[in-house]
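Here's a quick briefing to read alongside the model. Have the viewer open as you go.

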Amino acid sequence: MQRTITFTVNGEPRSVTTDPARPLLDVLREDLGLIGAKFGCGERQCGACTVLVNGRPTFSCSTRVATVNNRTVETIEGLSDGEILHPLQEAFLAESAFQCGYCTTGMIMNALALLREKPKPTPDEIRSAMDRNMCRCGTHLRIMRAVESAAAGVEGGQQ
Amino acid sequence: MMKAKASINRRGGEGETRRGGEAGLRNPAIAEIDYDELLEPMRFSFALDRRSFVQMLGAGVLVTAVGVPALAQRRGRGGRGGGGFRGGPAATLAARIHFGDDGTITVLSGKVDGGQGSRGELAQATAEELRVPFDNIQVLLADTGAVPNDGSSAGSRTTPSTVPAVRQAAAAMRQLLVDHAAKLLDVEPNALELSDGKIRYAPTNRSLTYAEVAKNEALAEKLAQQPPSDVELTPIEKWQILGTEQKAPAGRDKVLGRHQYPSDIKRPGMLYGRVLRSPKYRAKLASVDLAPAKEMEGVVAVEDGDFVGVAAPSSFAAEQAIEAVAKTAKWEAEELPSSEELYDYLREHADGGVPENPFADEVAKAAKSLRATYTTAYVQHAPLEPRTAVAEWRAGPSSSPAVPQLTVWTATQNPFGVRGELASAFRLDEDEVRVIVPDFGSAYGGKHTGETAVEAARLAQAAKKPVMLRWTREEEFTRAYFRPAAVIDVEASLDSNGRLATWWHVNINSGGSSIGSPYDVANKQSRSVGSRGPLRHGSYRALASTANSFARESFMDELAAAAGADPLEFRLANLKDRRLRAVLEEAAKRFQWHQRVKNKEPNRGVGLACSLDKGSYVACCAEVEIDRVKNEIHVKHVCEAFDCGPVMNPDNLRNQVEGAIIMGLGPALREEMQLADGAIKNASFVRYRVPHFKDVPTIDVHAMNRQDVEAAGAGETPIIVIAPAIGNAVFHATGVRLRSMPMKLAKA
């Protein structure tokens, strides 16, 4: 039982014919070669698989690909302008807001959604919004600083 | 596949005994690696026919840019499995440092980087001694076909062992190249200047690059020599690159989502694997029917002894296939103690029984004495990237030594050990196996072994195609080895002046790291005894040091209370070790211990703890707030002082210490594998709660950066004092002593 699902990934129209019950994450990684979103738990707990669907942060590991039919999907691969990093990517680098980095792409995508909705979040709002993502290396304080400094940079017109 | 060899679970004993009067501390240079040893390996016994490997479909193998040093490692070094936990010296200078014609300089090491920063640190070490910029150095890690065996990335050994080895090689290389350049330019070596990888003679402005000199035929013999171990290294006061902040080399790729973790490797025609697991923890497969999987399109199913697995064109198809097979499986399960029975069970099954306090007579006569039992639960490392391996068998005869029969990309802290596991499981020579470890999604001591690699290779062998096996989160929680649970008895007595008179400490089941008391006690002994732990256990960040430091530092607090003394003053009065005193005093000063312990607020408390392990010293002060409604402990502020000798990379060190503190909150307050009905009951992040953003306190880290001692590793020791500092703070807040990790307040 295959179905053709059509959606937009990082601005490009894509179409896959596959089992509609497959997770969006698997289709991105295994069919479209977009490896930036990661598998961490498969149970909507860690956020390593976070992508934006119609602008909302979404656990792609637990989202059937059929549900993104006719929707827009944004992944980390679409964030930079070629080699020019997005302010969030710059901020994560500047703060060394990672160790192994496996959670990083999900963190950045989640933070991107936050900053679009609230360009100047308070530290409590950052903590609360980021709490849907896990970091096992314990770089939480750095991640919060990175989001804060990216927000300041965006406000300062760097974007 | 998981043999119930409970009796294998033994260690400890005499080696851990400390006679009274001894410092009770091990020389880190000769420390045994007790925590590194996996006590119960997963065992595979495949019914193999060697001839069956020979003709297989497959594809080429990624060949690294560096051809020369491949297989340069001297064979036969490094002990068991041919892999070697400790590794050995690089066979030749050329096997350690490679100069490309394009000007790149590559340092090769058998270490891995799972986020701890070894890649950057080894680049710093090389750049420092070669006198080239940090960014000029490429680091090739953990490809057994190309790099020297530097042993396992464990025990905080990269800094004290591998960094010096790399510096020696780089310094020797620099001398060799400068001397030879002097010959080529017909000048004295000391008339030459070095900058940016160029050797220059100023009066004539003639210069040669390292690469130009290195490719000189006349040097070949010297480059084929083993790196010396007595070259003069750059002294600390002249460091330009070591000791400075340098960004992780792979950082840019990581924020771009480009970095290829093991689970991102994709090979032509690759299938996705799954392995059949029993619902109960220990069970023997009685029967299974593979037909439902084999009927699925593109699915390969394997049964070989206890091993049953599938490979399919997508992860989703593999899941469907393994679920179909699982429905047919019949198991004979074994009983296991439940979580409630666990600690009695460990005590009852202690090897040779639990030894008695040898100072019982002194205790009976003492002014004051106390006895207490502490416990720590089984916990999992829960690295965010589950164990993953991609295995590929060569089709046909080899075209190059870089393409052996079997190539596996995987995450492991012990690449040469995993090569040995693969060779042994498939009855191959080690030269016929190549293990490549891309920088991976963390381990914390949890990825020493190669079971995922062996399983992936078995599936790939059956499928005749490359196979990726990525464990599920549930497999991570149930099939990976655990940090062992512990039962720890401590008993001590005080003299009439309130000073420690005797000390007795027994760890049952979790090991002997940091078991010796650093305090001055006339009569002290400690013992580590094995037990028949029901779960397969192995290493973890600082392993038993956490349990032993939790028991000792909590008990020191109990003794301070019994003596009517301030916990800081009580420790200092019984402590001569200068480095440990220094971190304790530093942490207390920065935390403003004296004011905060006196100005107690309702439902708030402060606590402290100190300890040492693997040549580094740590002290921690913590503040907690008690939520009386929810009966929860909230950690508000942590201040840690850490002495690991000279600091190699200040920001990476802070990152490691902060990370250790945050990770340590988990087993201190929440993390615990729950056992019931012979099964793990909380194999999910929903019911196994690791630290989240909302749990993270304010953290102050102070590195002592002592220049007069040897550098020690820093990734582990900062985790060992967070739990006792929290427990002591809870006591200060509530008067309740919590002696079990995870620490939970009883319902009011």
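How many residues does the contact take from chain A and from chain B? Chain A gives 54 residues and chain B gives 55, with contact meaning heavy atoms within 4.5 Å. Keep in mind that this is a predicted model, where local features need pLDDT of at least 70, side-chain atom pairs count only at pLDDT 80 or more, and totals for chains, interfaces and linings use all residues. Residues are numbered from 1 along each chain as its sequence is written, chains are lettered from A and ligands numbered from 1 in the order in which they are written, and side-chain values use heavy atoms, leaving out hydrogens and water.

**The A–B interface**

- About 4800 Å² is buried between chain A and chain B, and carbon and sulfur atoms give 53% of that; buried area is the accessible area (1.4 Å probe) that two parts lose on being put together, summed over both.
- The rule finds 7 salt bridges across the interface, a salt bridge being a side-chain nitrogen of Lys or Arg within 4 Å of a carboxyl oxygen of Asp or Glu.
- A:K38 and B:D264 meet in a salt bridge through their side chains, at 2.5 Å from N to O.
- On the chain A side, α1 (24-31), α2 (87-94), α3 (104-117), α4 (123-130) and α5 (140-155) each supply at least two residues that touch chain B; helices are DSSP runs (H or I, at least four residues) and strands are too (E, at least two), numbered from the N terminus.
- α5(A) gives the most to that side, with 5 residues.

- β5-β6-β7 of chain B form an open sheet of 3 strands with antiparallel pairing, where two strands pair if DSSP finds at least two bridges between them.
- The edge strands, each pairing on one side only, are β5 (192-195) and β7 (206-209) of chain B.
- β5(B) and β6 (residues 198-201) of chain B pair in the antiparallel sense over 4 bridges, and B:E193 stands opposite B:R200 in β6(B).
- Helix α3 (residues 158-185) of chain B lies across β5, β6 and β7 of chain B, at about 130° to β5(B); axes are lines fitted to C-alpha atoms, for helices over the stretch in contact, and angles run from 0 to 180 degrees between N-to-C directions.

- Most residues other than glycine have a negative phi, and most peptide bonds are trans.
- B:M741 and B:P742 are joined by a cis peptide bond, with omega about 0°; B:P742 sits in the segment after β27 (740-741) of chain B.
- B:A542 has a positive phi, near 65°, and lies in the loop between β20 (523-529) and α14 (543-563) of chain B.
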